Amino acid sequence: MWRSIAARSKQVVARRFCAIRNSKVSTPSQTSSDFFTATATSFYRSPRFLSNFSANPSDESHVSPLGSGDNADESESWEKGFSVGTGENGDTNFENIFGIEDGQRVEDSFGFFSVDGESQMNGTIEEDGKVDTEEQSFVGLGQDGSFGEGDEKQEIYENNEEKLENVLSLLQSRVDGSLESSLDNMNLNLQEEFVLKVLETPLVAGENLIQFFKWVAKKPGYRVSNRVLDALVLAICSDLRKRDAYALWDLVREIGVKESGTLSVESLNELICLFSKLGKGKAALEVFEKFGDFGRTPNAETYYFTIEALSKRSFFDWAKSVCEKMLHAEILPDDKQTGQIIAWLCKGDKAKDAHDVYVMAKDKNICLPQSPLKFLISSLCRKDETVKLALNMLDDFSEEEERKYAIKPFSSVIGGLCRMKDVDEAKTLLLKMIDQGPPPGNAVFNSIVQGYSKAGDMEKAKEMIKLMENRGLKPDVYTYTVVISGYANGGQMDEACKVLSEAKKKHNKLSPVTYHTLIRGYCKLEQFDEALNLFHEMKDFGVQPNVDEFNKLIQSLCLKALDWERAEKLFDEMKENRLYLNGITRALIKAVKELKAEAAEKEEARIAA
């Protein structure tokens with residue numbers, strides 16, 4: 001309603017101006033400057049919207065002359081169509097209706113007054129007071145001062161609004177019969193803005209929007225523009241419906257092949273992202289591979305969304321292929337997205353390819369988040385051939401604050417170096433950690449102690465234990481166990497027992513693995529009495545022998561010592577502890593027993609003979 005009142009007000013203002021302009025021609029004594037002075041004064045003295053405004057020039061009711069002096073007549077003539085009363089709601093300012101700001105000249109606000117008082121009105125006003133064609137279109141007046149084109153345009157606008165509401169009502173409801181026939185009956189004027197309004201309206205089923213778009217595209221003379229197609233893609237992608245997504249892709253693929261360049265990269269990215277959210281990695285890859293056919297070049301977001309869609313479905317080989325194309329094009333997304341790509345590749349056991357992404361990001365001065373970097377280092381340490389790459393990446397933790405929280409990647413690298421039997425390099429890194437951080441813990445020291453123990457270099461292993469104690473760390477049961485294992489593997493059982501005694505002093509409860517290591521060493525040397533003594537000593541230090549311990553000791557007694565008597569005693573002990581011995585080991589005891597009995601009979605027969 002306010003828009004209509006404002007438009008009608010402008011029309012009457014224009015007619016008043018024409019009347020005064022004619023008066024100016026017949027009365028040369030009146031100056032244009034006087035006229036505009038009176039006009040401006042009249043506007044600024046009328047503080048409310050004029051509900052009693054009259055569209056009839058002869059209507060002089062409710063007029064309050066505000067002019068004074070020589071300009072009073074002109075002011076009165078100009079203001080006959082104005083009222084100083086209130087508007088419909090009693091508080092609507094005249095200035096607000098016409099968009100006049102405080103202190104702004106009225107003629108500047110309306111746009112058809114010039115500084116020198118001549119009419120502009122997007123055209124000219126002739127001396128006879130007639131308004132030219134361009135002005136008529138602007139103010140909606142005919143040559144006779146009546147309303148003309150303005151009312152026609154208003155009627156057209158209202159008709160378009162009504163048709164838009166009819167179309168939306170049709171698309172938002174269930175269509176009985178053919179949707180295309182219903183649209184044909186509406187006799188629509190398909191302009192781009194009209195189509196955009198339909199596509200951008202929410203709460204319209206995606207299936208109906210696609211049918212509406214197809215119907216529009218079939219109309220003679222209508223050419224699908226980028227804006228319209230982008231609006232359709234955005235509308236469908238806002239609603240996660242698998243059926244609509246595939247229908248949209250079929251439509252987009254058809255348009256892209258017929259009209260290369262119509263599709264925008266952003267629309268294709270939205271489609272890939274939609275398939276990613278739906279968990280359709282293959283469909284997302286199909287859209288990606290069609291970029292060349294559509295005459296488009298993938299950008300950073302294209303690669304990111306495609307790799308995301310494939311990684312969600314664990315298609316890591318395809319994700320690796322897309323990543324290689326991204327690196328070949330020398331395109332990377334932002335730091336967070338690049339870090340996410342690295343994490344996905346590491347998850348798919350593609351650490352080497354993830355490292356290639358890291359190298360390019362470093363060359364492009366992209367500062368990656370710490371989390372994916374740590375994940376990458378840990379992944380590289382899983383294979384011997386990539387441990388050195390992880391070692392070089394540790395230099396990225398140059399700041400003290402960064403190194404402080406980087407204990408896990410440093411530990412992973414040291415573990416990888418020890419696994420590669422490059423224990424000296426691991427020790428060098430350990431000393432660097434002591435000097436620069438992060439401070440190493442028991443796990444780091446244990447890795448190096450284990451590395452030296454496996455290599456048989458027990459002196460260096462003991463040196464690491466001393467360094468560990470000097471830093472205020474207490475060697476745990478695992479530390480002693482790996483040292484015992486090193487001595488036992490070398491046949492130095494006396495040294496192993498000394499380490500065991502030291503472990504007993506510092507720990508009340510030992511590990512089954514500790515005793516198992518020593519028992520295995522004694523059995524290897526066929527010192528079964530010592531092995532049995534350790535076996536029964538386990539209970540005194542809170543370690544209960546399990547089925548595996550019984551089983552291995554029984555097998556050693558049977559196979560190496562042929563001592564079925566002690567093996568059978570251990571079997572009876574297992575029964576008391578309600579432990580189950582597998583059939584193979586029980587059969588082994590029986591076989592050794594029978595073999596010994598047969599050998600004894602033969603010996604007796606030989607002596608008797």
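Where is Pro-438 found? Pro-438 lies in the loop between helix 23 and helix 24 (442-454), with helices taken as DSSP runs of H or I of at least four residues, numbered from the N terminus. This is a predicted model, in which local features need pLDDT of at least 70, side-chain atom pairs count only at pLDDT 80 or more, and totals for chains, interfaces and linings use all residues. Residues are numbered from 1 along each chain as its sequence is written, and side-chain values use heavy atoms, with hydrogens and water left out.

**Confidence**
- The chain has a mean pLDDT (the predictor's confidence in each residue, from 0 to 100) of 78, and 73% of its residues reach 70 or more.
- Over residues 1-150 pLDDT stays under 50, and the model has 196 contacts beyond four places in sequence for them, a contact being heavy atoms within 4.5 Å.

**Charges**
- The count of salt bridges (a side-chain nitrogen of Lys or Arg within 4 Å of a carboxyl oxygen of Asp or Glu) comes to 29.
- Lys-432 forms a salt bridge with Asp-395, and their closest N and O atoms are 3.8 Å apart.
- This pair links distant parts of the chain, 37 residues apart: Lys-432 is in helix 23 (residues 423-436), and Asp-395 is in the loop between helix 20 (387-393) and helix 21 (400-404).

**Backbone**
- Most residues other than glycine have a negative phi, and most peptide bonds are trans.
- The peptide bond from Gly-437 to Pro-438 is cis, with omega near -5°.
- Asn-187, a residue other than glycine, has a positive phi near 55°.
- Asn-187 sits in the loop between helix 8 (179-184) and helix 9 (192-199).

Key. Helix = DSSP H or I, 4+ residues; strand = E, 2+ residues; numbered from the N terminus.
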